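Me: I would like to go through this model with you. Could we start with the helix packing and then turn to the DNA?
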Protein chains: 2
Amino acid sequence: MFAAIGDPTRLDLITRLADGGARSITTLGEGLPISRQAVAKHLDVLLNAGLVQRSHTGREARFALQRQAIEEARLWLDEVGAQWDEALRRMKAFVEDGD
Amino acid sequence: MFAAIGDPTRLDLITRLADGGARSITTLGEGLPISRQAVAKHLDVLLNAGLVQRSHTGREARFALQRQAIEEARLWLDEVGAQWDEALRRMKAFVEDGD
DNA sequence: TTTATAGGCAACCATTAGGTTGCATATGCC
DNA sequence: GGCATATGCAACCTAATGGTTGCCTATAAA
């Protein structure tokens, strides 16, 4: 999942979808210096990573952000942060104890 | 930076450093199925991404997590989450208004 | 029923990434 | 000094990535 977010183009796509709306491939690709196919591939990666969901409407394929996935990434980073805090707390306690 | 976190091996390394401690390359590589050089390369990527910091002690190179970088990643995800929440709030308000 | 629009599929390409091996260097310890 | 340990540097290899182009299918709109 982090690998999926790791590509600048995909990070851009995610930003464009951050408002929770659903957009077509062509729409999402507007302004990007790459072909529609390239955009489609990126969306595929995001889809496989569970970061977006796809729905078909007529001849259009619309993509929307999968909020839950973003949440998971946040949780992981929170865990690392928490572990760090805990270690820092222990270290501080140890120092004060020995003081 | 997300690209740096995106590799499983590097995610592992970060986890090993999550307690805030500093470790040598060899130590960090213990248990991993790859060569020391590969580990060193990964640490280099993390270093360039600002996720870890390096300090030399004698013949050892010790790496420690750069807390601030983790924080930045969290912030970004928070922003996307907040944007989402805001959009959801507006949508809800709109629906209730039209109701 | 044409014609234009939105995608899907597949083959192909160049670059990058993750790994490896071999060799050189620097520091610790006898 | 002499040997072991901890890295650093560089060349090389293979597979995955990010992109492209060409062509085919499906749905809108004239």
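Me: At what angle do the axes of helix 2 and helix 4 of chain B cross?
Reply: In this predicted model, the axes of helix 2 (residues 8-17) and helix 4 of chain B cross at roughly 75 degrees and come within 10 Å. Axes are lines fitted to C-alpha atoms, for helices over the stretch in contact, with angles from 0 to 180 degrees between N-to-C directions. Helices (H or I, at least four residues) and strands (E, at least two) are DSSP runs, numbered from the N terminus.

Me: Which residues make the contact?
Reply: Helix 2 of chain B contributes Thr9(B), Arg10(B) and Leu13(B), and helix 4 of chain B contributes His42(B), Leu43(B), Val45(B) and Leu46(B). Contact requires C-beta atoms, placed from the backbone, within 7 Å.

Me: Turning to DNA strand D, which residues come nearest?
Reply: Ser35(A), Gly58(A), Arg59(A), Ser24(B) and Thr26(B), of the 20 residues around DNA strand D. A residue is near if its C-beta atom, placed from the backbone, lies within 6 Å of the strand.

Me: Which helix gives the most to that surface near DNA strand D?
Reply: Helix 4 of chain A, with five residues.

Me: And around DNA strand C, which come nearest?
Reply: Of 19 residues there, Ser24(A), Thr26(A), Ser35(B), Gly58(B) and Arg59(B). The largest share of the surface near DNA strand C, five residues, comes from helix 4 of chain B.

Me: What are the conventions?
Reply: Residues are numbered from 1 along each chain as its sequence is written, chains are lettered from A and ligands numbered from 1 in the order in which they are written. As the model is predicted, local features need pLDDT of at least 70, side-chain atom pairs count only at pLDDT 80 or more, and totals for chains, interfaces and linings use all residues.

Methods
Contact = placed C-beta atoms within 7 Å.
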